[in-house]
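Welcome, and please take a moment to look over the sequence and the fold. A short tour follows once you have them in view.

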Amino acid sequence: LNDVQEFAPAPVYAMIIGSHGMGWLPVDGTQADSLFRMKKHWEYQEQPLTRYFGGLTREFQTDVGTLARGIVGAGVKMEYILFDDCYMSSVEVAYELKEATRFLIASTSEMMAYGMPYAAIGEYLLGNPDYQSGCEEFYNFYSTYEIMPCGTLAVTDCSELENMAAIIKSINSKYSFDKSLRGTIQRLDGYTPVIFYDFADYITSLCNDPILLNQFREQLNHLVPYKTHTKNFYTMAKGIIPINTFSGITTSDPSDNPMTVLKENTLWYKAAHN
């Protein structure tokens, strides 16, 4: 990034990252010996392929926090970071990157191997980004994609994360999650147990205070101003899964998947819990 600024000085920078993705999960957490036998979504064969940020094996994978520190350390704040990967539209990811980028563009779920349809959305990523039109063109492409007409995309305004964390902290101070409700929350992955749940559906299951829920919904509209999804999403592990509710961003807060054992170490968890 220092070289970029030297060789290509510009008032604004953006970043597109394409490979595999597992949301906020740390490299060590997903590759620990006790968890190594859990099959990752990119390991399935002989079916339509989807897209771990950095690579398939541990030595080529990067923690989101490392990315954030690198960007901030170079004195850059991106206009947006677009992850052309699976599972990166996560409140935990967004909070980790909030000092590194103004906006996060990513999928809540698995991204088909074709990736972002740049021929359709590319013009909306240049100059003054038109995030709404970009989402619309993404939907137009994937809703008619012959191989697998499934896709999810959302744009998160990272400047709204602190306000959201304050609301969620207030909710968490008053309510404890009823673990028996896990099976009723919208899943947005193909893992067993689920790792990535729809953020709004989880909060609605957690909290029944109408005033707090109204504050949450209003703030969510600020946090995720643009989003789109097909009627289903696709996973290499479980195939096609219907989307009944969609906020454009996920959380692992209610997950009991062993891969999420380190979630209390995330910056989001610390900000949103007492």
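This report looks at a sheet and then at one helix.

Keep in mind that this is a predicted model.

The sheet is open and has 5 strands in the order β1-β2-β3-β4-β6, with mixed pairing. At its edges are β1 and β6, each of which pairs on one side only. Neighbouring strands are turned by 15° against each other on average, direction ignored. β1 and β2 run parallel and are joined by 4 bridges; Ile-16, for instance, has Leu-82 in β2 as its bridge partner. Helix α6 packs on this sheet, where α6 touches β2, β3, β4 and β6. The direction of α6 makes about 5° with that of β6.

Here is where some of these elements lie along the chain:

| Element | Residues |
|---|---|
| Strand β1 | 15-18 |
| Strand β2 | 78-84 |
| Strand β6 | 226-229 |
| Helix α6 | 131-142 |

Now let us turn to helix α9, residues 210-223. With 14 residues at 1.5 Å a residue, α9 should span 20 Å, and its end C-alpha atoms are 19 Å apart, which agrees. Which residues of α9 are buried? They are Leu-212, Leu-213, Phe-216, Gln-219, Leu-220 and Leu-223. These residues cover an arc of only 130° around the axis, so they sit on the same side of α9. They pack against β4, α7 and α8. The face turned away from that buried side carries the exposed residues Pro-210, Ile-211 and Asn-221. Finally, the N-terminal end of α9 is capped by Asp-209, with a side-chain oxygen 2.8 Å from the backbone nitrogen of Ile-211.

Methods
Residues numbered from 1 in each chain as written. Predicted model: local features only at pLDDT ≥ 70, side-chain atom pairs only at ≥ 80, totals over all residues. Heavy atoms only, no water. Helix = DSSP H or I, 4+ residues; strand = E, 2+ residues; numbered from the N terminus. Expected span 1.5 Å × (residues − 1). Buried < 20%, exposed > 50% of the residue type's maximum accessible area, 1.4 Å probe, protein only. Arc of directions from axis to C-beta. Contact = heavy atoms within 4.5 Å. Polar contact = N/O pair within 3.5 Å; in protein donor to acceptor, adjacent residues only side chain to side chain. Pairing = 2+ DSSP bridges. Axes fitted to C-alpha atoms, helices over the stretch in contact; angles between N-to-C directions.
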